[in-house]
Amino acid sequence: MKTFWQRLQPVFVCLFLLGLFLAVTGRPAAAGMLTMETPHFNIHFREYPGAEEVAAKVAAIAEEIHAVLIERIGYTPAKRTEIYLMDTTDFANGFADVTYFNRIGIYLVYPDLDAEWTGGLTMKAEDWLRLVLTHEYAHILQLDMNGGITAAIRRVFGRIPLLATPNVLLPLAYLEGFAVYEETANTGGGRGTDPYFDMYLRTAVLTDTVPTFSQMLGAYDLDEWQPAGTVYLYGWSLVDYIAREYGEEALRKANESHGSLLRLGLFDALARTLGKPAWVLWKEWRRDLEERYRAQAAEVEAAGLTPVEELTGPIMAAAPVFSPDGRSLAYITLGKKTFYPGLYLRDLASGKDRLLVAGYISSRPAWSPSGRQLVYAKPGYLDGERFYNDLYLYDLDQKEEIRLTWGARATDPAWAPSGDYLVYVARDNLETMLCRYNLATGESLVLLPGGGEIQYAAPAFSPDGTELTVGVWYPGGEHGIALLKNDGFGFRLLLSDRSNNRSPVFTADGKYILFASDRDGTHNIYAFVPDTGALWKLTNTLTGFFAPAPAPDSQELVMMAYGAGGYRLARANWADLLWEEVAVAFETPAKNEAPGETLSTPVEGSTRQQAAGYRVKPYNPWETLKPKYWLPVLGVDTRGGLRLGFETSGLDASERHGYQIRLAHGLKSGESEISLGYWYDPPGRLYLDLALDAITRESIEGGGRQDRFGFGATAGLWYPGMQASRDLFTGVYLETTKPAPPVTGTEWTGQVYAGVWEETKGGKGPSGYCRERELTAGFCFTGEENGFFGEGFWKYSRIRRGVPRTTWKISAGLSQLPGYFELGGAPGGHWKSIFTGYPYESHYTVRGFDSGTVAGSGFLLLNAETYPLRIPVEKGLWDWPVFFRQVRGGVFLDTGYAADSWEFTESGLIAAGGVEIRLTMDFLYQPNTWDFRFGFAWPLYPRGQDETRAFRIYVGMGSEF
């Protein structure tokens, strides 16, 4: 007789094949997707007006970069690299992945001020696409590098993740540092030559906040705020030092030796290549930093520093703007581990701050002429896939927020002094334009078109409202400050050069335009006189000043001031400013097109012309989705023989389809083992995960046979906001056990379930929170008793310095089955366990007791814990991918009740309290946090019967109960 699994096996396999059919045919995920083929790249993009032209530019740049980097890095990939162009966000970024094939993702948008302030990713670049493609392709060549053992693995087994690409295991600082080094060496305006990186390193040296070697290797969440991400900033500085002192050939040898598994780990690869231990190299690099930046600081100090008064602490405060009456200051906070982002209002007389809007704000706020409203930009999901900026208005009297635009991709609003309209910057992928928003009708129109990838930023009105000043960047790297009439006509460049000239704003009398610039190698505030063309340097600082905000009475200047802890607001008296006149050298933009004009025909030798002949075809997911490797599976059969099989997995270039397959067959028993997983992420809100697990193995008691299988499905729905996720899930789980002869019969148990889970994160000021809720319902069958069940929990955590400090959790459940819910012991199984292959358990934590101490058809459980003691550790083990972040100590209370009847019985009540110490660790150079838990638990009710049972010592792994 066929087992239950054997009868259902075709059903599950058909469901899995249905998912693969969707992937192979590209329905509907590939709708509107195209692929451009070049000799070394496949470029995938969504079809829309102008998309093919952008893809052609990417194609030409990519081929140029390929020719340069394969010579420099000394490696040529065997197959094409997939490049996926995305228009789904207003935030610049890219990624590289070599797991299944070489793949690059590029977001088609230029960096904004937030990217500059927090990461040093500025518009110093001559061409953003060239910079990001160079960075990501350097990753591809370094990570894909193989030889020796790894080359043999690829020939036999294919592209096994990690084993076939061992350079993936190198520390992030070395990987990102190498990519930043190549972007700097091969493009105009890479981060390695940007004064932002100089500012970050100089400040770290002067304040003695340069991280240790182990701290800088990964993207670890350190107590001390680190600019630009430790891995980019310090990684580049170290790689640059190696190249300067030991030659670029040393970098190539280290990459090659690790990529072929001749050396394991960065320290070993560097030691063998350079002939000295890695810690000696770190000391040399550290000494080089000290000598360079202390000399630089002495030179800056010799010119005299501008005295300033700090208004805020280092809370990542940015973009200050005075109210029209000068009594208040609006500003935003960018957010860091100890402070959450938001829009704030400071009363300058009392010095008190008030949070107006919690959450990420992506632009400088603008005041209404009445001083009772503020307008600003912030991001949100437009349709579940596209994450765009829109304009919002906050009314100080009504204390409410009003959304003004939908899908406008709007930022940097400026409120006209007449009060009836706004001007803002709108994005259209690589293009920008100035737009006008009518506050009465809610209609927008284009005030000043862009074209040619010209980037506008931070428009500001003159005091009388007749003119606008705006920052402008031209392809080729020229930054300008421009002036135009309020109707969009009369555009003229006042200033244009290779300096980073940003955030222009008029003074109250309209005589000066203040702006921030790095023209002398350090970020300072300057004043330009439109009438005469004179330029004045107003400040001099060791670190950096940004985003000037002149007071309406012209008596003081407020600005962003950089320091070791991040950005804060500071003010300087107008009389204390330098007013040092500096020479102006106007540079005509290389792409000298009038705003709004685009090249109607390709320029001779342009990238558009070079890529004109590349073939374009409909996107086919199967070309990248098909298996790229096979991994042998060995096991023990139920009859003592071998179980042989294989596993593989795959992903398509657009990340719409993914799958995992594991198949094995028993040579003696003929029984199979199968594990199938499939996920589908179509455009829009929905994503879908399917998982199937079916195993036949020897029974735990021995001699018999145990069949276990489960099928689960999760549908995730994305909602507006960055910090919320919700899942709908359902599934079935069944386990059958057939004892060894002479015992006959079959025991079976299982359940069908469905539920919903939600998590929301956020924060205000220094305090964060995380809320989780879950509700599950289903039907359980055991062969003897059947019945429905329902269970759920609500959990709330207060977060300090990136980890929960105090957590409450309330759980409850009801079932028709006696003894269904078990309380006691350490954290146990859950319905999600079917995705990891472990049997289902309905088990809830009460520390200090045995598992299943009390059980019932209904239960109520309260878990509470707080960790007031915190000791930073922040040390790693050499270059191992393990980082010890901190030790926390605290107390807990677990109280639960379970029974089969509604009448209260003391035997169903258990309670325990105790103390617990947690060592928080990160793995794989990422903030993949896990806790090692060591605790003492005292049973409070009922008490132990003798002293040996007065308390229990336990250990475990896990972040939460």
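These legends describe close-up views of a predicted model.

**Figure 1. The protein chain as a whole, in a predicted model.**
The chain has 14 helices and 50 strands. It runs to 961 residues, and 57% of them count as buried. Take the contacts between residues at least 6 apart in sequence: 56% of these join residues at least 24 apart.

**Figure 2. Helices α2 and α4 cross at roughly 45°.**
Helix α2 spans residues 51-73, and helix α4 spans residues 128-144. Their axes come within 9 Å. An angle of 65 to 115 degrees would count as roughly perpendicular, and one under 35 as roughly parallel. The two helices are therefore oblique to each other. Their crossing is right-handed.

**Figure 3. Residues in the contact of α2 with α4.**
From α2 come K57, V58, I61, A62, E64, I65, H66, L69, I70 and I73. From α4 come L129, R130, L133, T134, Y137, A138 and L141. By class, twelve residues of this contact are nonpolar, two are polar and three are charged.

**Figure 4. S797 in strand β41.**
The strand covers residues 786-800. S797 has a relative accessible area of 5%. The cut-off for buried is under 20%, so S797 is buried.

**Figure 5. The surroundings of S797.**
Neighbours within four places in sequence are left aside here. Beyond them, S797 is in contact with G768, Y769, C770, P804, T806 and T807. With T807 there is also a polar contact, side chain to side chain, at 3.0 Å.

Methods: Residues numbered from 1 in each chain as written. Predicted model: local features only at pLDDT ≥ 70, side-chain atom pairs only at ≥ 80, totals over all residues. Heavy atoms only, no water. Helix = DSSP H or I, 4+ residues; strand = E, 2+ residues; numbered from the N terminus. Buried < 20%, exposed > 50% of the residue type's maximum accessible area, 1.4 Å probe, protein only. Polar contact = N/O pair within 3.5 Å; in protein donor to acceptor, adjacent residues only side chain to side chain. Contact = heavy atoms within 4.5 Å. Axes fitted to C-alpha atoms, helices over the stretch in contact; angles between N-to-C directions. Parallel < 35°, antiparallel > 145°, perpendicular 65-115°, else oblique. Left-handed = near helix turned anticlockwise from the far one by under 90°. Nonpolar A, V, L, I, M, F, W, Y, C, P; charged D, E, K, R; others polar.
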